[in-house]
Amino acid sequence: MPRAHVKNLEERIKIDQLKEALTEIFSEYGNIIDLVAKKNLRAKGQAFVVFEDTAAAERAIQEVQGFELFDKPMHLDYAKTKSDATAQQQGTLEEFELHKRRRLAEKERKQAYQAAEEQKKLKRPAGAAVAADAATARPAKAARGAGLKSSNPSANAVVPEEYLPPNKTLFVQNLPEDYDIDGLTAIFGRFEGFREVRLVPGRKGIAFVEYEAEAGAISAKENTSGMGLGLDSKPIK
């Protein structure tokens, strides 16, 4: 089964909120068998979407490529490895267990390699270590969240959700299909710091509303949640 690899996702978004948004976006293109997004710091910023058929995955990758989700453009490509859901559906129980053992073995191999590299760094002379770190250092702007990483390369460090900041992007659901950007701008544009409304290509009923700061998004959410729209007065979420 084809699996789309989604990268460059906003790492500060809560996993449940991220998965909900991704499901709403990609379910328009076909039946989703599985969607994987993890809290592990090494895996944050990416997700895997498993589709039932190749045509759905191809269309999703083409049409969603570059779409901004929570203020960051998504980068999509085909995943190179088989997911657990795919292996379970396509093979026997024995083949599925073999797939899981191989995946875990590869994971352990990578962790062992990373641990060995860390040990090499610790054994270097102080001057050499400083020079090596300076040569490979990234700009401060690109190192956001680096202080949250564990010194143990095999540790699955997790950022508690209570430490995640509020988000300046609203994910709005349950919208009437006939509501366009102008109609939504009339509703959400009255709150402080409004920037824009973005609709997902080919996907009706959802939208993303951007504000300059979290305060505007919070105010908009508090004042519009449950508001009835359209002929049926559908309450938006």
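I started with the aromatic cluster: F67, F70, F171 and F208 form one. The model is predicted, so I kept its limits in view: local features need pLDDT of at least 70, side-chain atom pairs count only at pLDDT 80 or more, and totals for chains, interfaces and linings use all residues. Residues are numbered from 1 along each chain as its sequence is written, and side-chain values use heavy atoms, with hydrogens and water left out.

**Entry: ring pairs.** I searched the whole structure and found five aromatic pairs. Rings of Phe, Tyr and Trp (its six-membered ring) pair if their centres lie within 6.5 Å; planes under 30 degrees apart count as stacked, over 60 as edge-to-face and the rest as tilted.

I looked up F26 and F51. They pair edge-to-face, at 6.3 Å centre to centre with 70° between the planes. F26 lies in helix 1 and F51 in strand 3, so this pair ties together parts that are 25 residues apart in sequence. Helices (H or I, at least four residues) and strands (E, at least two) are DSSP runs, numbered from the N terminus. F26 is buried, with a relative accessible area of 0%. F51 is buried too, at 0%. Buried means under 20% relative accessible area, exposed over 50%, partly exposed in between (1.4 Å probe, protein chains only).

Next I took F70 and F208. Their pair is edge-to-face: 5.9 Å between centres, 85° between planes. F70 sits in the loop between strand 4 (68-69) and strand 5 (72-73), and F208 in strand 9 (residues 207-211), so the pair ties together parts 138 residues apart in sequence. Both F70 and F208 are buried.

**Entry: charges over rings.** I used this cut-off: NZ of Lys or CZ of Arg within 6 Å of the ring centre and within 35 degrees of the ring normal. R3 lies over the face of F48, 4.4 Å from the ring centre. The charged end of R198 sits over the ring of F67, at 5.1 Å from its centre.

**Entry: cores.** A nonpolar core is a set of buried Ala, Val, Leu, Ile, Met, Phe, Trp, Tyr and Cys residues joined through side-chain atoms within 4.5 Å. The largest has 29 residues; L22, I25, F26, F51, L69, M74 and F208 touch the most other members. Strand 1 (3-7), helix 1 (15-26), strand 3 (46-51) and helix 2 (54-64) each give two or more residues to this core. A second, separate core of 15 residues includes L175, F188, V209 and Y211.

**Entry: T224.** I found T224 in helix 7 (residues 214-224). T224 is buried, with a relative accessible area of 4%. Its side chain reaches the backbone oxygen of A220 at 2.6 Å.

Definitions and conventions:
Polar contact = N/O pair within 3.5 Å; in protein donor to acceptor, adjacent residues only side chain to side chain.
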